[in-house]
Amino acid sequence: SKQQRVPFSIHRSTTSSHTFIPPLSTKQMNNHERNTTHRNNLFKVLLMLIIIVVTINIKYLPSTHLPDSNEDKRHSSYFLQEVTLEDLTGNIQKKRDDNKADENNGETANNEDTDDKERIIDILERAGETLNPEEIADLPTWSSVMAQYGSEPVIVGLDTCEQFQSMVPEEEAWIAPAGLFNTGTNLISLDLTKNCYLPKKEKKYGTSGVRWQVPWGKHTPATWRLKHRAESKWARSVNITSIFPIVTIKDPYHWMGSMCRKHYEAIWPHTQKNCPNLIKEHDNTINEVQVKYSKTDPSKIVKHESLVGMWNDFNKLYVDASFPRLIVRYEDLLFHHDYVVSKVCECAGGSLLPTLTMLKDNTKPHGGVTNLKSSVMRYGKIEKRGEGFSNRDLSFAESKLNKELIDLFGYKLESNLRQ
């Protein structure tokens with residue numbers, strides 16, 4: 001009888017009770033193999049997905065709980081954002097967590113270091129400086145600044161402000177700097193010229209009232225005030241009592257380092273490699289310092305026991321002076337600029353310009369580069385203080401520095417700073 005084709009080529013005979021399967025054609029066999037392979041691949045994929053789901057639940061479920069609300073879902077570790085096959089096969093996730101913790105600890109340390117530099121960064125950026133990451137990394141910390149100079153600026157002589165203003169009419173007054181070599185006399189002069197003026201003097205004479213040095217010479221001792229005049233028409237004619245001196249002082253260890261780089265008219269035995277060389281190595285003889293304020297007049301040579309003695313002698317004379325004066329720290333012109341300039345201007349009877357300007361460029365036409373950035377880098381770092389000193393130098397300075405001056409200006413002996 002006529003045969004009917006059914007799926008999978010199964011045929012049933014109408015004359016027999018037996019069922020038989022005839023041979024498949026080549027085309028049918030190939031189709032069958034492809035279908036079988038496809039089903040096997042699907043099975044493998046499903047099996048792998050089942051294994052992944054089970055493994056994830058085994059790995060995370062014991063330490064978590066199902067969230068009870070949408071708010072819990074945002075904070076539950078059950079809802080992880082990143083899971084990979086690698087995470088399921090070993091300690092990769094644990095290593096990642098450990099590495100992340102190390103990175104966070106490193107970032108915390110870096111953040112703390114950056115936070116400790118924020119005030120330094122602000123000072124430089126307000127002055128118009130731009131800083132790259134390498135420069136920021138090299139900046140001193142505010143902790144280093146405070147360790148050397150304390151947290152507040154120091155100004156000596158504020159009690160003489162009223163005395164000066166009552167003695168000298170504003171239109172006749174002058175503000176002028178004084179101080180040892182390398183103590184920022186140019187800086188204070190330019191700072192005041194840029195930011196301060198005497199209104200009545202400007203109205204009457206057309207000048208701000210700020211000069212670049214006192215008429216007796218800014219680097220000469222205070223005792224020369226009534227005995228010596230600098231070589232300029234103004235210095236020779238001005239009334240000495242109309243001058244309000246603004247004296248600058250620098251940390252003695254940093255100052256001696258500055259003198260090693262540029263000694264000006266101070267002469268004593270030393271070399272670039274052996275400085276400040278306060279005492280001789282072979283017999284501990286103290287190296288005397290001579291300061292030649294005149295190249296032709298021997299009477300204008302001042303002698304000091306040592307470089308330490310020069311710092312002591314000069315500053316002690318201005319501290320003990322009977323005439324009105326202010327003494328400001330050079331370091332405060334860097335790290336507390338606005339406060340110091342404001343106080344000095346007010347004390348002299350002057351007025352500030354609407355916006356205070358901090359100078360960032362080189363303020364010294366001689367003696368090397370002394371711009372704001374390089375100065376902050378040097379005088380903010382503890383390790384720069386006493387740089388190049390031998391143990392003999394440090395011991396001598398410790399024993400000879402005037403402790404009253406050190407305490408008055410908030411400086412520290414090197415041994416106290418290193419404790």
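## About the model

Because the model is predicted, local features need pLDDT of at least 70 and side-chain atom pairs count only at pLDDT 80 or more, while totals for chains, interfaces and linings use all residues. Residues are numbered from 1 along each chain as its sequence is written, and side-chain values use heavy atoms, with hydrogens and water left out.

## The chain as a whole

The protein chain has 18 helices and 11 strands. Of its 419 residues, 42% count as buried, meaning under 20% relative accessible area, with exposed being over 50% and partly exposed in between (1.4 Å probe, protein chains only).

Now for contacts, defined as heavy atoms within 4.5 Å. Among those between residues at least 6 apart in sequence, 68% join residues at least 24 apart.

## Helix 4 and its buried face

Helix 4 spans residues 118-126, and I120, I121, I123 and L124 are buried in it. Viewed down the helix axis, these buried residues fall within an arc of 160°, so they line one face of helix 4; the arc is taken from the directions from the helix axis to the C-beta atoms.

The cover over the buried residues of helix 4 includes helix 5 (133-138), helix 6 (142-149), helix 13 (330-335) and helix 15 (372-379). Just after helix 4, have a look at G128, which takes a positive phi of about 95°.

## Helix 11 against helix 12

The axes of helix 11 (residues 252-261) and helix 12 (residues 307-319) come within 10 Å and cross at roughly 120°. Axes here are lines fitted to C-alpha atoms, for helices over the stretch in contact, and angles run from 0 to 180 degrees between N-to-C directions. Helix 11 and helix 12 are therefore oblique to each other; angles under 35 degrees count as roughly parallel, over 145 as roughly antiparallel, 65 to 115 as roughly perpendicular and the rest as oblique.

On the helix 11 side, P252, W255, M256 and M259 meet L307, V308, M310 and W311 of helix 12.

## L278 in its loop

L278 is found in the loop between strand 7 (266-267) and strand 8 (289-292). L278 is buried, with a relative accessible area of 1%. Leaving aside neighbours within four places in sequence, the contacts of L278 include M256, L307 and V308, along with D393, F396 and A397. The C-alpha atoms of L278 and E305 are separated by 9.6 Å, with the two residues 27 apart along the chain.

How values were computed: Helix = DSSP H or I, 4+ residues; strand = E, 2+ residues; numbered from the N terminus.
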